[in-house]
Amino acid sequence: MSNIHDKVIVITGASSGIGEATAQELASKGAKLVLAARREDRLKQLQDAIQASGGQAIFKVTDVTSRQQMEELAAYALKEYGKIDVLINNAGIMPQAFLAENKVDEWDQMIDVNIKGVLYAIAAIVPSMRERKSGQVINLSSVAGHNIYPGGTVYCGTKFAVKAISEGLRQEEAMNGTNIRVTNISPGAVSSELLETTTDPAMKAGLEDFYQVAIDADRIAHAIAFAIEQPSDVAINEMIIRPTVQVG
Ligand SMILES: NC(=O)c1ccc[n+]([C@@H]2O[C@H](COP(=O)([O-])OP(=O)(O)OC[C@H]3O[C@@H](n4cnc5c(N)ncnc54)[C@H](OP(=O)(O)O)[C@@H]3O)[C@@H](O)[C@H]2O)c1
């Protein structure tokens, strides 16, 4: 039986794209999903689809920028399922623009969702993993967490931060013998709703051009399943997953 079967898995940003595809993949392998995002209708649709295929899922409307809502999500998952085996920090936004555009509100939003959201989830969920001496945290960084390019400066900064948080968490948990595995996933161009968060028209047109080579979100879902499936003494720490034809 798969090492995913019966695991309780919390996914942030489960209402579309990579989060939604990952929920479907893991549910098909017998996981118990806890779906989180802001759009209730999309979470309900996904829960219905998973349940119609014989899978298990509950959901809670959650804004990852709220510490309190993240605590409530953790409490809900623990109340319903009694434990959390895997946290997938997937919620993210990518409103790209050149720094000279001074889109300071968008910088704030990216920092709040992409960095603080990840930290709030770690704060809310990892303590229960430490107590059980078992768990896994999977963070969605990006190729933008490895490369910097004009127009992507703040987004890249947030994804470099996710990579740093993953590696720091990995070292600290290994040092303390908590058996918590940490996986940093860095996708290249993937079809999803992410480009909709870019408001600058010229930047968006350039991204749409770049994203013509994008791969389907279920490709990333397969990689996430692979990282979870490994025996508990094996941690897949880093994965970079690009479309074969993506250059940068
Ligand atoms: N697509 C790519 O090419 C690509 C490449 C590298 C990395 N990534 C990363 O992969 C992750 C998933 O992105 P995606 O491509 O699947 O994009 P997506 O389809 O736009 O999904 C993003 C998800 O994040 C959620 N979200 C946004 N703000 C939130 C908030 N404040 N609180 C809770 N949830 C929030 C959205 O749900 P609601 O709006 O319902 O809240 C949505 O479910 C992101 O971290 C992204 O940076 C994507």
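The crossing of α1 and α7 is right-handed, the term for a near helix turned clockwise from the far one by less than a right angle. This is a predicted model, in which local features need pLDDT of at least 70 and side-chain atom pairs count only at pLDDT 80 or more, while totals for chains, interfaces and linings use all residues. Residues are numbered from 1 along each chain as its sequence is written, and side-chain values use heavy atoms, with hydrogens and water left out. Helices here are DSSP runs (H or I, at least four residues), numbered from the N terminus.

**Helix α1 with helix α7**
- The axes of α1 and α7 (residues 217–229) come within 8 Å and cross at roughly 55 degrees; axes are lines fitted to C-alpha atoms over the stretch in contact, and angles run from 0 to 180 degrees between N-to-C directions.
- That angle makes α1 oblique to α7, since under 35 degrees counts as roughly parallel, over 145 as roughly antiparallel, 65 to 115 as roughly perpendicular and the rest as oblique.
- From α1, Gly 17, Ile 18, Ala 21, Thr 22, Glu 25 and Leu 26 meet α7 residues including Ile 220, Ala 221, Ile 224 and Ile 228, where contact means heavy atoms within 4.5 Å.
- This contact divides into nine nonpolar, three polar and two charged residues; Ala, Val, Leu, Ile, Met, Phe, Trp, Tyr, Cys and Pro count as nonpolar, Asp, Glu, Lys and Arg as charged, and the others, Gly among them, as polar.

**Helix α1 with helix α2**
- α1 (residues 17–28) also packs with α2 (residues 40–52), at an angle of about 20 degrees and with the axes 10 Å apart.
- The two helices are therefore roughly parallel to each other, and α1 passes α2 in a right-handed crossing.
- Glu 20, Ala 23, Gln 24 and Ala 27 of α1 touch Arg 42, Leu 46, Ala 49 and Ile 50 of α2.

**Helix α4 with helix α5**
- For α4 (residues 104–132) and α5 (residues 153–175), the axes come within 9 Å and cross at roughly 15 degrees.
- That makes α4 roughly parallel to α5.
- By class, their contact has 14 nonpolar, two polar and three charged residues.

**Around the ligand**
- The ligand is surrounded by 30 residues, and the closest are Ser 15, Arg 38, Tyr 155, Ser 192 and Tyr 211; a residue counts when one of its heavy atoms lies within 4 Å.
- Tyr 211 has a polar side-chain atom 2.6 Å from an oxygen atom of the ligand.
- Lys 159 places a polar side-chain atom 2.9 Å from a ligand oxygen atom.
- At Val 190, a polar backbone atom is 2.8 Å from an oxygen atom of the ligand.

Conventions:
A polar contact is a pair of N or O atoms within 3.5 Å; within protein, one must be able to donate a hydrogen and the other to accept it, and residues adjacent in sequence count only if both atoms are side-chain atoms.
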